[in-house]
Amino acid sequence: MMEIDAINSGLIAITKAIYRIDKSRLSYGLLGGLYDYGADWDNDVFMMHPACGCESTACPWCAECHCTDDFDCPSCSPSHRWPEKGALPAREPFELSSEWGRAPNFWHKPSGMRVWWHKSIGRGMEVRSADGAGLNDVFAECLASLKQDGKKS
Ligand SMILES: [Zn+2]
Ligand SMILES: [Zn+2]
């Protein structure tokens, strides 16, 4: 699948760019390459966050939404949680092919593109496509924003 390959390499390129600014933001796993686990970053253009396994109900990357049309799940009552981390609105996650009712691991804010992965980039990926923006533009914008952040730091 061409698109998934392009998404993987875009995410790895972002992780590399973050590494150049601040090595401590990377999530280092036991298997795979240096950049395979993503990194922690949040600016006006995008958010990236490594997969988390803490399983806390207070963790945006672990607590899942299980709302249905006639049931508000405990994670979301009284309102859906984690919109500021890119979590989809309540009830929307089930439109995706699996149950990603948690905050995404990558969120391009202007286009709404989101990616969830399992442990490392490329594994069990779930993608919500960009709204009216091409992949190249999405990743180029993220890299440009990192360049700006790098100048500030
Ligand atoms: Zn967690
Ligand atoms: Zn919910």
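Predicted model: local features only at pLDDT ≥ 70, side-chain atom pairs only at ≥ 80, totals over all residues.

Residues are numbered from 1 along each chain as its sequence is written, and side-chain values use heavy atoms, with hydrogens and water left out.

**The positive patch**

Select Lys 16, Arg 20, Lys 147 and Lys 151, which gather on the surface in a patch of positive charge; a patch of this kind joins like charges within 9 Å, using residues with over 30% relative accessible area and no salt bridge. Helices α1 (2-21) and α2 (135-152) are the elements that give two or more residues to the positive patch, a helix being a DSSP run of H or I with at least four residues and a strand a run of E with at least two. From Lys 147, step to Ile 21, which is 126 residues apart from Lys 147 in sequence but 8.7 Å apart in space, C-alpha to C-alpha.

Leaving aside residues up to four places away in sequence, Thr 15 touches Leu 26, Tyr 35, Gly 38, Ala 39, Met 48 and Ile 121, where contact means heavy atoms within 4.5 Å.

**Salt bridges**

How many salt bridges are there by this rule? The count comes to four, each with a side-chain nitrogen of Lys or Arg within 4 Å of a carboxyl oxygen of Asp or Glu.

Select Lys 109 and Asp 42, whose closest N and O atoms are 2.6 Å apart; this pair links distant parts of the chain, with Lys 109 in the loop between β3 (106-108) and β4 (113-116) and Asp 42 in strand β1 (residues 41-42), 67 residues apart.

Finally, select Asp 149 and Lys 152, whose side chains meet in a salt bridge at 3.3 Å, N to O. Both lie in helix α2, three residues apart, about one turn of the helix, yet Asp 149 counts as buried at 13% relative accessibility and Lys 152 is exposed at 68%. Asp 149 also touches Trp 41 and Asn 43, again not counting residues up to four places away in sequence.

Methods:
Chains lettered and ligands numbered in written order. Patch = residues over 30% accessible without salt bridge, like charges linked within 9 Å, V, L, I, M, F, W, Y side chains within 5 Å. Areas by Shrake-Rupley, 256 points an atom, 1.4 Å probe, with all protein chains shown as cover. Lys, Arg positive; Asp, Glu negative; His and termini not counted. Charge placed at Lys NZ, Arg CZ, Asp CG, Glu CD. Buried < 20%, exposed > 50% of the residue type's maximum accessible area, 1.4 Å probe, protein only.
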